[in-house]
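Here is a briefing on one protein model. Look over the sequence and structure first, then read on.

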Amino acid sequence: MEIPEGSVRNVLEQETLKWVFVGGKGGVGKTTCSSILSILLASVRQSVLVISTDPAHNLSDAFQQRFTKIPTLVNGFTNLYAMEVDPKVDNDELADDGMDGILSELTNAIPGVDEAMSFAEMLKLVQTMDYSVIVFDTAPTGHTLRLLQFPSTLEKGLEKMMSLKNKFGGLINQATRLFGLGDEFSEDAMLGKLEGMKDIIEKVNRQFKDPDMTTFVCVCIPEFLSLYETERLVQELAKFDIDAHNIIINQVIFYEEAVESKLLKARIKMQQKYIDQFYMLYEDFNITKLPLLPQEVTGVQALKNFSRHFLTPYKPRLIKGTVEELEERIFVLKSQLREAESELDRLKKGKQKV
Ligand SMILES: Nc1ncnc2c1ncn2[C@@H]1O[C@H](COP(=O)(O)OP(=O)(O)O)[C@@H](O)[C@H]1O
Ligand SMILES: [Mg+2]
């Protein structure tokens, strides 16, 4: 069997990729990883768009640049764009189009249809823009999976519209004429709009299910809950026929960097237990391990620096510091040695007494 590499190189080498989803539990590093993936992709593809669909937007934080729902060139790049989509704001826009009444009716009948429609609007926009590859910084797990169910949500929305139309038999159309409202307020116009969205969603959905065009990168940390969530995510993705063959384990503590700390050593032991389980469960995945840094990863330079570890497995360096740092380290190690020796002494004496 071919052993999968410990990096995300495979994503950069897959030239047919059009959609890259990045997902996982909150706080594990989704935004950091999507930002870095988009930076790396920008170095090999013609143009890249990174979109955040998480209501808690943080592409702006990661890149230290303010983004909006309009794709904006990322500072320092010529072919990398970013945008942040807020489903709630987009609803207002739909309302401006005369969708308000029907929309609230639909939302009551089919939860999530409003979100599905704003997602469709966004996809419509993105489709016309012709980016080589689009990276999604998705919202935490539950949210993401809902997003992938949108086509069927929209389908239900259409059915509901049809039944409303039959029920009221052109009443709405009469009312719009009576009050002299424009054609865009008519039921047919709204129905047309939904139909149009459905076409886009269906087209995109076919692409989402095509492993040549779409892949989902799961980000996690080596802890129980995250392992559990990842397994749930991987299974759901399989159910939706969405390809996933990359797992990024973020915030890994390396032994060589924690020699002096009992706390860190204990954390390493715990992490190792879950890392082993990740390797066991996902032996056919590319698993990339990223080190926990002492500081946040924000700003283009920090993101670029960190991107190294996405391509070449991280190797911790032995801590080589200044004379002061070494002296401090020797001091700590000596006192730990003394502590251990006296504990051993105590234990031995205890045994003799028994
Ligand atoms: N390996 C790491 N080491 C140190 N800080 C990290 C690391 N990965 C992410 N961070 C920081 O942790 C915070 C949360 O990361 P973020 O990517 O925003 O998570 P998410 O999008 O999953 O909520 C950010 O401040 C980010 O800079
Ligand atoms: Mg985020």
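Cys218 stands opposite Ile247 in β7. In this pairing region, α2 packs on the sheet and touches β1, β2 (48-52), β4 (80-84), β5 (133-137), β6 and β7. The model is predicted: local features need pLDDT of at least 70, side-chain atom pairs count only at pLDDT 80 or more, and totals for chains, interfaces and linings use all residues. Residues are numbered from 1 along each chain as its sequence is written, while chains are lettered from A and ligands numbered from 1 in the order in which they are written.

**The whole protein**

- The protein has 13 helices and 8 strands. These are DSSP runs, numbered from the N terminus: helices are H or I with at least four residues, strands are E with at least two.
- Of the 354 residues in the protein, 33% are buried. A residue is buried if 20 or more other C-beta atoms lie within 10 Å of its own, exposed if 12 or fewer, and partly exposed in between, with C-beta atoms placed from the backbone.
- Among contacts with a separation of 6 or more, 76% join residues 24 or more positions apart. Two residues are in contact if their C-beta atoms, placed from the backbone, lie within 7 Å.

**The sheet and its helices**

- An open sheet of 8 strands runs in the order β3-β4-β2-β5-β1-β6-β7-β8, with mixed pairing. Strands pair if DSSP finds at least two bridges between them.
- The edge strands are β3 (72-73) and β8 (286-291), and each pairs on one side only.
- Strand β6 (residues 214-220) pairs with β7 in the parallel sense, over 4 bridges.
- The direction of α2 makes about 170° with that of β5. Axes are lines fitted to C-alpha atoms, for helices over the stretch in contact, and angles run from 0 to 180 degrees between N-to-C directions.
- Helix α11 (residues 262-281) lies across β7 and β8. Its run is at about 175° to β7.

**The annotated binding site**

- An unreviewed UniProt entry places the feature "binding site" at Lys25, Gly26, Gly27, Val28, Gly29, Lys30, Thr31, Thr32, Glu223 and Asn250. UniProt positions are given in the numbering used here, feature names are shortened, and annotations may be inferred rather than shown by experiment.
- Val28 is found in the loop between β1 (19-23) and α2 (30-42). Val28 is buried because 24 other C-beta atoms lie within 10 Å.
- Leaving aside neighbours within four places in sequence, Val28 is in contact with Val219, Cys220, Ile221, Ser226 and Asn250.
- Gly29 also has its place in the loop between β1 and α2. Gly29 counts as buried, with 23 C-beta neighbours inside 10 Å.
- Not counting residues up to four places away in sequence, Gly29 touches Val219, Asn250 and Gln251.

**The shell around ligand 1**

- Ligand 1 is surrounded by 16 residues, and the closest are Lys30, Thr31, Thr32, Leu293 and Glu296. A residue is near a molecule if its C-beta atom, placed from the backbone, lies within 6 Å of it.
- The elements that give two or more residues to this shell are α2 and β7 (246-252). The largest share, 3 residues, comes from α2.
- The shell divides into 5 nonpolar, 9 polar and 2 charged residues. Ala, Val, Leu, Ile, Met, Phe, Trp, Tyr, Cys and Pro count as nonpolar, Asp, Glu, Lys and Arg as charged, and the others, Gly among them, as polar.

**The annotated active site**

- UniProt, in an unreviewed entry, places the feature "active site" at Asp54.
- Asp54 lies in the loop between β2 and α3. Asp54 counts as buried because it has 23 C-beta neighbours inside 10 Å.
- Asp54 touches Asp137, Thr138 and Ala139, not counting residues up to four places away in sequence.

**Positive phi angles**

- Most residues other than glycine have a negative phi.
- Gln64 is not a glycine, yet has a positive phi of about 55°. Gln64 is found in the loop between α3 (59-63) and β3. Gln64 counts as partly exposed, with 13 C-beta neighbours inside 10 Å.
- Asp130, not a glycine either, has a positive phi of about 65°. Asp130 lies in the loop between α5 (113-129) and β5. Asp130 counts as exposed because it has 9 C-beta neighbours inside 10 Å.
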